[in-house]
Amino acid sequence: MSSQRDVLPIPDRPFTGLVTFDARDPDTSFPPIEPLRPPSGAPNVLVILLDDVGFAASSAFGGPCATPTAERLAADGLKYNRFHTTALCAPTRAALLTGRNHHTVGMGVITELATSAPGYSSIRPNTCAPWRKRCG
């Protein structure tokens with residue numbers, strides 16, 4: 001079975017094998033893991049998620065976290081500096097999953113500190129669906 005490539009994220013592959021009580025049982029079967037390769041002509045997209053860091057945490061921007069590859073790229077003139085940082089894990093993930101500002105999706109702070117204040121409820125509004133891209 002080939003992976004469906006017209007919807008991202010790629011849907012989970014349904015399990016089609018047989019699980020017995022003993023993995024050594026000859027009737028136990030699992031489908032092989034198929035390598036996932038981009039289709040011909042697919043865009044080259046890179047998403048970098050750094051959890052619990054601020055804009056200047058990387059050494060390429062003067063911070064204490066050693067990022068030698070980013071430093072090398074910066075030395076060659078490549079610096080990505082148009083991005084949004086939340087500096088907290090749950091808001092970062094909410095922003096990444098929806099492609100929206102973390103306050104817009106109700107995650108202005110970590111969920112343990114949620115309040116009923118707008119942008120801080122930790123409840124994603126129905127108007128802010130998780131990011132989903134249809135291809136083709």
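You'll find Phe-15 in the loop between strand E1 (7-8) and helix H1 (68-75).

Quick housekeeping. This is a predicted model, where local features need pLDDT of at least 70 and side-chain atom pairs count only at pLDDT 80 or more, while totals for chains, interfaces and linings use all residues. Residues are numbered from 1 along each chain as its sequence is written, and side-chain values use heavy atoms, with hydrogens and water left out.

So how confident is the predictor? pLDDT is its confidence in each residue, from 0 to 100. The average here is 79, and 79% of the residues score at least 70. H1 has the highest confidence, at a mean of 91, and strand E2 (residues 133-134) has the lowest, at 48.

Now the layout. There are two helices and two strands, and along the sequence they run β-α-α-β. Helices (H or I, at least four residues) and strands (E, at least two) are DSSP runs, numbered from the N terminus. Of the 136 residues, 17% are buried.

Back to Phe-15. Together with Val-19 and Phe-30, Phe-15 makes a nonpolar surface patch of about 340 Å². Patch residues have over 30% relative accessible area and no salt bridge; like charges are joined within 9 Å, and nonpolar side chains (Val, Leu, Ile, Met, Phe, Trp, Tyr) within 5 Å. The areas come from the Shrake-Rupley method with a 1.4 Å probe, and for residues only the protein chains shown count as cover.

How many salt bridges does a search of the whole structure find? One. Arg-24 pairs with Asp-22, with the closest N and O atoms 3.1 Å apart. The rule is a side-chain nitrogen of Lys or Arg within 4 Å of a carboxyl oxygen of Asp or Glu. Arg-24 is exposed at 71%, whereas Asp-22 is partly exposed at 31%.

Last stop, Gly-54, also in the loop between E1 and H1. Gly-54 is partly exposed, at 32%. Which residues does Gly-54 contact, leaving aside neighbours within four places in sequence? Thr-85 and Ala-87, where contact means heavy atoms within 4.5 Å. The C-alpha atoms of Gly-54 and Thr-86 are 7.1 Å apart, though 32 residues separate them along the chain.

Notes: Buried < 20%, exposed > 50% of the residue type's maximum accessible area, 1.4 Å probe, protein only. pLDDT = per-residue confidence, 0-100.
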